Amino acid sequence: MIDFSSLKATMDGKEIVFAPLEYRMLETFVANKGILLTRQKLLEKLWDSQENFVDEHTLTAAISRIRVD
């Protein structure tokens with residue numbers, strides 16, 4: 001369960017702590033369910049209005065952290 005407004009997530013009753021970028025990624029995945037997002041598309045979607053960008057290494061690390069086994 002993910003609550004994007006409060007930036008809280010739980011799985012099997014246990015809290016999962018994500019960084020703000022990871023919540024933005026999860027929100028992007030949910031908003032684009034069923035759509036293949038290339039690395040380039042993800043980078044574009046995660047670039048914010050203040051021009052704070054995400055580089056490819058940061059993207060790779062964040063994806064690794066949010067994966068669930």
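Which side chain meets that of Lys41 in a salt bridge? The side chain of Glu44 does, at 3.8 Å, N to O. A salt bridge here is a side-chain nitrogen of Lys or Arg within 4 Å of a carboxyl oxygen of Asp or Glu.

A word on the model. It is predicted, so local features need pLDDT of at least 70, side-chain atom pairs count only at pLDDT 80 or more, and totals for chains, interfaces and linings use all residues. Residues are numbered from 1 along each chain as its sequence is written, and side-chain values use heavy atoms, with hydrogens and water left out.

Back to the pair. Glu44 and Lys41 both sit in helix 2, three residues apart, about one turn of the helix. Helices are DSSP runs (H or I, at least four residues), numbered from the N terminus.

The whole structure has three salt bridges. Another joins Arg65 and Glu22 (2.3 Å, N to O). That pair links distant parts of the chain: Arg65 in helix 3 and Glu22 in helix 1, 43 residues apart. Glu22 counts as buried, at 4% relative accessibility. Buried means under 20% relative accessible area, exposed over 50%, partly exposed in between (1.4 Å probe, protein chains only).

Now helix 3, residues 56–66. Leu59, Ala62, Ile63 and Ile66 are buried there. They lie on the same side of helix 3, because they cover an arc of only 100 degrees around the axis. That arc is taken from the directions from the helix axis to the C-beta atoms. The face turned away from the buried side carries exposed His57 and Arg65.

Methods. Helices (H or I, at least four residues) and strands (E, at least two) are DSSP runs, numbered from the N terminus.
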